[in-house]
Amino acid sequence: MIKVLVDPERLSRFDFGPAHPFKVHRLALTFELLQAYGLIDRDDVRVIGLREATEPEALGFHSQGYLEALRLASSGMWVPNQFSHGLGTTDNPVFPDVYEWAMLVAGGSIDAAAALLDRDVDRSFNLTGGLHHAMPNRASGFCHVNDGVLAIQRLRAAGKRVTYVDIDAHHGDGVQHAFYEDQDVLTISIHQTGYTIFPGTGFEEEIGQAAGRGYAINLPLLPGAGDEAYDEAFESVILPAMELFRPDVLVTQLGTDAVLGDLLANLRLSLRGFERAVERFRAVGAPWLALGGGGYDVPNVVRAWALTWGTMLGETLPDEIPSAWMTAAAARGVTASRLRGSADVPPTPDRVMEALRKSAESIREMVFPILEDAGERG
Ligand SMILES: [Zn+2]
């Protein structure tokens with residue numbers, strides 16, 4: 001089976017600005033590391049370039065007024081209502097051609113989703129995507145256009161039922177919002193609790209509404225969570241929920257800001273723990289679209305997504321990072337020696353596990369009966 005990888009090259013010219021934590025060069029560095037590991041020039045890999053999503057595609061989720069404001073701002077015009085659209089803020093600066101940036105990312109995710117409709121493709125990865133905070137009428141949390149929503153809409157248009165799992169340290173609020181009343185898309189987000197971090201949502205009581213009641217799952221974690229919490233969350237909630245829902249396609253948002261050492265979040269997941277999560281997604285066995293997401297420690301981002309692509313190809317990568325890549329990366333101020341980092345995994349505090357078990361219990365009580373009924377219908 002063919003695996004599709006989106007080449008981030010067309011995004012290299014964009015820049016959120018020197019003070020912004022979102023570093024665009026992490027994309028090229030990741031692609032180069034995949035090359036160095038020999039994970040691109042292979043018979044089972046098809047590389048596709050980015051193309052801009054069309055306006056009709058983006059209108060599947062975003063408002064006309066917002067897209068117009070984004071386009072105007074992008075060309076350097078003054079936009080009278082830009083703040084009401086979340087534009088020009090510290091989080092969502094207006095940089096040159098920001099419209100093209102956002103539409104290229106979105107087009108990449110839509111095409112990576114569409115690739116899975118080919119019978120010979122079973123996995124695809126747009127590491128530039130996963131910009132899960134963008135809302136219909138506003139930019140939010142470094143995200144201008146919600147590529148994940150548009151990709152899922154592409155799959156829905158082909159009649160596919162989708163499970164979306166978001167392991168970014170921040171709640172996948174934009175994607176949840178898009179499908180909150182939809183029983184054909186199960187959204188699952190595991191993240192640092194909204195009491196302590198942006199966007200302040202994603203509590204276990206948020207389970208969807210109307211026809212979508214029971215088709216949204218949120219697992220908020222206390223700061224300092226660590227691997228043990230993730231392992232338990234997967235085993236007690238995420239995997240069983242997916243099994244009950246039985247999706248046609250799995251979409252994962254693989255933000256790496258939950259990894260130990262991130263600058264914006266504090267979930268202390270090890271790189272090996274991240275890899276284990278990705279291995280669990282592979283084991284589901286459904287056609288699988290992987291998207292990138294947040295991640296503000298560049299060496300962690302690069303390593304976590306190299307582990308992802310290796311896993312998607314069914315390869316276990318050696319811990320030793322190719323030296324040619326290390327030299328090139330060091331010239332750009334990025335150093336990483338071992339792929340999985342240190343083997344020392346910080347212990348999970350008891351209070352984290354206690355809170356997690358409470359959340360998991362309430363989710364299993366509220367949501368699982370609904371998913372069980374749906375499974376019987378399906
Ligand atoms: Zn994040």
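Are aspartate 168 and aspartate 257 buried or exposed? Both aspartate 168 and aspartate 257 are buried, where buried means under 20% relative accessible area, exposed over 50%, and partly exposed in between (1.4 Å probe, protein chains only). Before going on, note that this is a predicted model, so local features need pLDDT of at least 70 and side-chain atom pairs count only at pLDDT 80 or more, while totals for chains, interfaces and linings use all residues. Residues are numbered from 1 along each chain as its sequence is written, and side-chain values use heavy atoms, with hydrogens and water left out.

Back to those two aspartates. The zinc ion is held by Asp168 (OD), His170 (ND1) and Asp257 (OD), at 1.9 to 2.1 Å. Donors here are N, O and S atoms within 2.8 Å of the metal (3.2 Å for Na, K and Ca), and water is not among the atoms, so sites may look incomplete. Along the chain, the donors are spaced as D-x1-H-x86-D. Aspartate 168 sits in the loop between strand S4 (162–166) and helix H6 (173–178), and aspartate 257 in the loop between strand S7 (249–253) and helix H8 (271–284), so the pair ties together parts that are 89 residues apart in sequence. (Helices, H or I with at least four residues, and strands, E with at least two, are DSSP runs numbered from the N terminus.)

Now look at asparagine 126, in strand S3 (residues 121–126). Asparagine 126 counts as buried because its relative accessibility is 0%. Its side chain makes a polar contact with the side chain of threonine 128 (2.7 Å). A polar contact is a pair of N or O atoms within 3.5 Å; within protein, one must be able to donate a hydrogen and the other to accept it, and residues adjacent in sequence count only if both atoms are side-chain atoms.

Phenylalanine 142, in the loop between S3 and H5, has a phi near 70°, a positive value in a residue other than glycine. Alanine 210 also has a positive phi, near 50°, and belongs to the loop between S5 and S6. What about their surroundings? Phenylalanine 142 is buried, at 9% relative accessible area, whereas alanine 210 counts as exposed at 59% relative accessibility.
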